[in-house]
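Try each task before you read its solution.

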Amino acid sequence: MTQMMRGTQQREFKVFVYYTGGTVGMVPGEEGEHPGKPGEFTEELQSHPELYSKMADNWFYLPPKAVDDCEDHTPVKYQVEEVPKPIDSSKMTPADWENIAHKILANKKGFDGFVILQGTDTLAYTSSALSFLLQGLNKPVVVTGAQRSLFEPRSDAVSNILGSLLIAGCYSKKPALQQVSVFFDNKLFQGNRVQKLDCDAFDAFDSPNMEPLVEVGLDIKVNARQHEIPTLPVLEKTNAEPDIRILRIFPGINKSYVDCLLAQADGIVLQTYGNGNAPEEDWFSDALKSATDHGTIILNCTQVHRGSVRPIYEAGDWLMKAGVLSGYDITTEAALTKMLWVHKYIKDKETRIQMMKKSLCGEMTIIADPKQ
């Protein structure tokens with residue numbers, strides 16, 4: 001019996017933590033907060049008993065009590081890698097999103113899940129972009145950050161990192177959670193459905209049109225359901241840098257402003273009123289029709305925090321006739337990053353349009369047109 005026990009290796013969940021920068025790792029100083037020196041963030045993790053119990057073979061282990069709510073109490077261990085130069089999230093670019101995706105793909109065989117740490121200002125853009133870049137990964141990728149640094153008292157970084165590690169580790173085998181998500185203030189949101197709503201509160205993020213995937217309270221409540229995954233076309237990355245722009249409708253918007261934004265754009269995220277309405281002016285309709293005729297893809301998204309562009313109102317019919325596509329309840333962050341992904345990885349224009357009409361990874365809820 002003793003020999004059998006020695007020969008049986010206990011299962012452990014392995015998580016890769018990638019620190020890219022942001023408030024979560026800022027170090028307080030006399031002249032304000034600043035990024036830490038290389039390795040300083042990783043060292044600070046070890047001073048928090050909620051996140052670290054021991055180190056073995058270059059792995060950090062969560063304390064055993066941290067996994068009490070997990071099935072089978074399986075241990076979670078993780079490794080941390082820091083970018084050489086932490087990135088302020090306001091400086092995050094599409095190239096950085098691709099670098100993060102490549103880092104995850106390069107490590108996908110050695111880990112059950114992934115945690116990405118970054119600043120909160122563009123966190124929703126990062127999680128949305130990764131949801132398209134990592135389609136088919138079938139492992140949890142949890143993006144998180146903090147409103148207060150891990151180096152400060154009363155930091156929300158501890159609970160955000162712990163929750164992310166539990167989702168990426170203990171819950172890594174649940175198919176409905178094998179996607180890109182955002183963990184913040186004890187809630188897990190779908191990565192391409194989330195938006196930042198508050199600069200000062202710990203509950204800084206929300207998912208306006210979808211309930212949280214997971215809610216962490218006295219118990220861990222999983223609400224997530226698997227969504228249908230459509231078949232993707234053959235992807236072929238292009239070297240071009242797509243020119244995607246945001247056109248927000250406002251009272252008094254004029255022709256010169258619209259013409260300037262539409263000129264030579266590859267894609268436009270059109271932010272309209274309410275359920276997808278915009279001023280029905282001949283010059284505006286002509287400008288949109290001319291742009292779509294010349295190959296610009298325009299996606300209609302509502303400016304309202306909660307709700308959807310609906311095909312049931314006549315006021316929006318003229319937009320469809322101008323070649324504008326419905327984005328339904330997609331967020332601006334998801335619309336922009338989806339548009340970038342479609343132009344970057346699909347060459348054929350008609351296929352791009354068909355992909356924009358579909359919900360590729362749960363980013364929008366399609367509403368049937370009652371007139372069709």
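**Exercise 1.** How are α3 and α4 oriented to each other: roughly parallel, roughly perpendicular or oblique?

First, a word on the model: it is predicted, so local features need pLDDT of at least 70 and side-chain atom pairs count only at pLDDT 80 or more, while totals for chains, interfaces and linings use all residues. Residues are numbered from 1 along each chain as its sequence is written, and side-chain values use heavy atoms, leaving out hydrogens and water.

Step 1: find helix α3 at residues 94-106 and α4 at residues 123-133. Helices here are DSSP runs of H or I with at least four residues, strands are E runs of at least two, and both are numbered from the N terminus.

Step 2: take the angle, which is about 55°, with the axes 10 Å apart. Axes are lines fitted to C-alpha atoms, for helices over the stretch in contact, and angles run from 0 to 180 degrees between N-to-C directions.

Step 3: compare with the cut-offs: under 35 degrees is roughly parallel, over 145 roughly antiparallel, 65 to 115 roughly perpendicular, and the rest oblique. So α3 and α4 are oblique to each other.

**Exercise 2.** Work out how α6 and α7 are oriented to each other, and which residues meet.

Step 1: look at α6 (residues 255-262) and α7 (residues 282-293), whose axes come within 10 Å and cross at roughly 10°.

Step 2: α6 and α7 are therefore roughly parallel to each other.

Step 3: pick out the contacts (heavy atoms within 4.5 Å). Lys255, Val258, Asp259 and Leu262 of α6 meet Trp283, Phe284, Ala287, Leu288 and Ala291 of α7.

**Exercise 3.** Is Lys289 buried, partly exposed or exposed?

Step 1: find Lys289 in helix α7.

Step 2: recall the scale: buried is under 20% relative accessible area, exposed is over 50%, and partly exposed is in between, using a 1.4 Å probe and protein chains only. Lys289 has 33%, so Lys289 is partly exposed.

Step 3: Leaving out residues up to four places away in sequence, Lys289 touches Lys321 and Ala322. The C-alpha atoms of Lys289 and Gly323 are 6.2 Å apart, although 34 residues separate them along the chain.

**Exercise 4.** Describe the two faces of strand β8.

Step 1: go to residues 141-144. In a regular strand, side chains alternate between the two faces of the sheet.

Step 2: sort the residues. Val141 and Val143 lie on one side, Val142 and Thr144 on the other, and all are buried, leaving both faces covered.

Definitions and conventions
Right-handed = clockwise from strand over helix to strand, strands pointing away.
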